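Notebook open, model loaded. I want to look up the aromatic rings first, then the core, then the surface.

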Amino acid sequence: MYDQEGIAFAAHRSLLRIALSAGVLAWPVLFVMNASTVGIERAFLTLVFAYVLIAVVTLWLAPLAAREVRHGLVRLLILGVLVRASAFAFLAIMADAATPTSILWTTMFFAALTGIARSLSAAPYGVISAELSRRTFAREFWVAAAPVLGGVLAVACGAPALLGAIALFALLSVVPLSRVQESYEYFSFGFDETFRHLISSRFRTVFWASFARGAESLVLYLIWPLTAFVLLGGSLSALGAVLTLCALAVWLSRGAMRAWRKRWPFSHGTVVSLRYV
């Protein structure tokens, strides 16, 4: 699957990654919403719980979503993107409309939709992304620039405009998928059988490695940005600039880190976290 299909899939991934790169700023927006009603400490704990909820929803629904690959990988991928766009569109609406009593449920519903989107996308990306994901500097630059552009947009037009733009970019990423040929797979394990294999001694290393990556993700995409957001005085534009500079540093240092990773068996998330630090 190269040529036109490869170009189309690369365009899809680039647009979606731009959306998700700017989407990190959604957590500071939720943080401000929750802090306005329950205070900084409880708002922070609420978002940590919401991030854990994403992981739990993904874990429980991924085996069920994997069984749907027999109906088409691209179809499942599009559904996952639509759910993800719906999550940001919902948050864009509720950013101004949420009442003090509905902010908590807004946060948890956003987390649940994000978890559903991840579970729907996991199997398709696992099958078709490896051979079609070729990164170039131009693509990585725009992915890296997304946070600072998103921060400027949020300051100029408000958080709902930022969240709406993220949802729009996610929706636009569906368009190139029309040029990717549909393919079908078969996942034979049932729900119970999947988890029995997951916790078996044979896959214990994979099981704990997944937990380690989840912890790294929690620190890298939630705790660290929120900490920086507070230290920067609650400025989304400043946080966006810091995230962009860090992402560019990660990209420019990839060669040295690739050589370092060959010598020490750290996971990819650990290497990225160290580069961010």
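I count rings of Phe, Tyr and Trp (its six-membered ring) as a pair if their centres lie within 6.5 Å; planes under 30 degrees apart are stacked, over 60 edge-to-face, the rest tilted. This is a predicted model, so I take local features only at pLDDT of at least 70 and side-chain atom pairs only at 80 or more, while totals for chains, interfaces and linings use all residues. Residues are numbered from 1 along each chain as its sequence is written, and side-chain values use heavy atoms, with hydrogens and water left out.

**Rings.** I get 6 aromatic pairs by this rule. Trp-27 and Phe-110 sit edge-to-face, 5.9 Å centre to centre with 75° between the planes.

**Core.** Which residues touch the most other members of the largest nonpolar core? I find Trp-27, Phe-110 and Leu-163, out of 62 residues. Such a core is a set of buried Ala, Val, Leu, Ile, Met, Phe, Trp, Tyr and Cys joined through side-chain atoms within 4.5 Å. Buried means under 20% relative accessible area, exposed over 50%, partly exposed in between (1.4 Å probe, protein chains only).

**Surface.** I looked up three accessibilities here. Leu-252, in helix H10, counts as exposed at 62%. Phe-141 is partly exposed at 34%, and Trp-142 is partly exposed at 49%.

Definitions and conventions:
Helix = DSSP H or I, 4+ residues; strand = E, 2+ residues; numbered from the N terminus.
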